[in-house]
Every structure is written in structure tokens, then in C-alpha cells.
Amino acid sequence: MSDKVLMKGAEALAEGAIQAGCRYYFGYPITPQNETPEYMSRRLPEVGGRFVQAESEVASINMVYGAACAGVRAMTSSSSPGISLMQEGISYISGSNVPCVVMNAMRGGPGLGNIAPAQADYFQAVKGGGNGDYKRIVLAPSSIQEGVDLFVDAFELADKYRMVVMVIVDGLIGQMMEPVEFKTRIDVSTLKTPEWATVGRHGRDHVNIITSLMLDAAGLEQWNLKLQAKYAQVEQAESRIEEYQMDDADYAIIAYGTMARIAKTTVRVARDKGIKLGLLRPITVWPFPAKQIQTYVGKLKGILTVELAYRQLFEDVQLALCGKIPLGWYGRGGGVVPGPQEILAAFEEQFGKGR
């Protein structure tokens, strides 16, 4: 699949995971990502993989946990309410130090909400929705092609750090169609079973035990310290950001995912009006690219954070800047997606004409 093909986002992302070496998928249907498990149910048997439609999202994430403990590339996908049900399992997986990938096609909330695109699961994704001190790498593509490419990175990062990696998109990316190219194909025959995997004792002189249950307080503290050291390593090495029209920018928009895509048009419209506006797009929302953003302290007159949520991304931007750059915010909720002119109007209302 090296030629470009026209695909729906939810299906292309599924194929991206398969090309990344995923051979085990466990899931439960929920809009707007139903096409992902549907696609997996057809494609995985064709490549020697296994698809299981579980009885619930709770069952799905625990099946992923079991497969991950065996050292294989496994994933699940869902949308906002379903991801909420998976939080206990995600915490267990994180506490057990095993890798897996989870995709969230975010929809309007809270509660059941609707099936329209949103970004209001940001806090849940980057701050951790389950119990305990844990982190997960969170990748936020802004196009179907980038999502396909990032799935390869997702599985590589999961294996490298033995972590949960979450890919967050929204209903627009899941349901739109774009031409995509599958540039990288992982040969699963080259993936070796890790030494820590629970695959039986044959050929070993010890038994591998994977658990997040540690009743000794001092021992659990030491385990947490090891996890925190790993997270610090990830923060140093893995934060990513895209800089668009920032070379001469006086102002910037910070946005991710679909909103960053729309904000690029805002930047072009603003520049046609003589406003030197640029875009900073976090590709990893955890680790958050705070250091890259901080390099613009003293260079920018103001930043506008734009999101399909209410001041969630804004808080991380605010923490990164520590009040050193004037900071504005604009967002819509409930699945309402603003257009480029609406974003520009919000910018001009908060920062004047940007001159």
C-alpha cells in the first residue's frame, strides 16, 4: 500500500496501526469511530491477527492488558464515554509497566453528549483519568495522513518506554476522507518477544510476573520513583511541536488537532490583512512542548489559545508561559467548530488589529 488511496479517517488510522505491527485489537462500538473496529474485524484476520469485539469497554481494555503482558502489539479504540470506562484498566497497565496503544476519537460531552467533534477530553488524556501517579504519551495528529504516520511512532514509543500511548483525534478526523499513503510497514517477524513478557517458563530459569499490586508501601514508593524517572526521560526526549509562519511572527495561535488545521487558514487570512500571525501546534500534548513555546518569550506580543473545549489546553499554555506573554483564549464546545474568520475575529477582539 505505497500508493495514495482515498480513505475515511477511522479506517485509515486502523490500517496505520496494522502497518505499524498491531496484530491484536479489542474493542466495543461507539460513534464516531465505529469504522475502526469494523475495519479491524476484516483486516486483522487477513494479516494473521486477532480481532475481538468485547462485551464492553471495560472488557476491551483489560483484554489489551492481557495481550500487552504477552509482549505483542495490541490496541483498542473508542470515543469519549467509552474511554472514560477504560480509565481503571489504563491505570493498571501503566502501573504494570507494559506497552499498548489507545485511540480516542473525541466527541461532544460531558456525559453521553453527542457525536460531533470535540477536544474536551484533553485533561483526561494528559493529566490521567485513572488513579495513581502515572503518565501516558499523548499524540495529537491534525490530519489523517499524520495520524497514519503517528501510529507507527505510537507503537515504537510504547515499546521503547513500556508505556500506554494514546492517539487523540476528534470526530472530524475520524469521519472525513483524505488521500493517504502508507509509507512505513513494520515486518512483524522482526519484532522479538521481550524478556519481561508472560509467555511461559519454557527456556527460562525464572517466572515473569506482571502486576500493579504492591502491598508494601516502601516498595510501591520505589516503584513509583522508577516510573517518575522514566516519565522525566520521556519529557526530555519526546516533546514535539510544529511551527508555522513563526519566523517573523508578532503573535501566535496555539492549537492542536483539527483546530490547528483550521487555525492555519486563520494565519494566512491574517497575514493577508498585514497581521504577522503564526501557529504553534503541539504534536505531543504530553509531554507538552513547554520549552519550545518558552523560546518565544520576549519575541511575541501575544498568544491566543484555541480549542474545542473550555480552557483545558489553555491551562498548559498558561503554565508554560508563567505570565511572560499576554495570553488570550477562544473556544467552542458541544461539537461546534469555529471557522477561520471566527478565530480571527476573536484574536482581533482580544489583541486589537495585531499591529
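The largest pocket has a volume of about 320 Å³. Of the 16 residues that line it, Glu235, Trp286, Pro287, Phe288 and Ala290 are the closest to its centre. A pocket here is an open set of points on a 1 Å grid over the protein atoms alone, with protein on both sides within 12 Å along at least five of seven lines; a cavity is a set of points where a 1.4 Å probe fits but cannot get out; lining residues have an atom within 4 Å of a point. Grid points are joined across faces, edges and corners, and volume is the space filled by probe spheres set on the points.

This is a predicted model: local features need pLDDT of at least 70, side-chain atom pairs count only at pLDDT 80 or more, and totals for chains, interfaces and linings use all residues. Residues are numbered from 1 along each chain as its sequence is written, and side-chain values use heavy atoms, with hydrogens and water left out.

Which helices supply at least two residues each to the lining of the largest pocket? They are α6 (122-127), α9 (217-237), α11 (290-294) and α12 (313-321). Helices (H or I, at least four residues) and strands (E, at least two) are DSSP runs, numbered from the N terminus.

Now step back to the domains. Domain 1 covers 5-196 + 225-237, and domain 2 covers 242-352; such bounds come from an automatic or database domain assignment. Both domains give residues to the lining of the largest pocket, so the pocket lies between them. The domain centres, taken over C-alpha atoms, are 27 Å apart.

The two domains meet. In domain 1, 35 residues are in contact with 25 residues of domain 2, where contact means heavy atoms within 4.5 Å. Between them, the domains have 3 salt bridges (a side-chain nitrogen of Lys or Arg within 4 Å of a carboxyl oxygen of Asp or Glu). Glu146 forms a salt bridge with Arg281, with the closest N and O atoms 2.9 Å apart.

The structure as a whole holds 17 salt bridges. Arg73 and Asp159 form one of them, at 2.9 Å from N to O. This pair links distant parts of the chain, 86 residues apart: Arg73 sits in the loop between α3 (57-69) and β4 (74-78), and Asp159 in helix α7 (residues 144-161).

The whole structure has 1 cavity of 30 Å³ or more. Its lining includes Met106, Gln119, Ile168, Asp170 and Tyr256. Strand β7 gives the most to this lining, with 3 residues.
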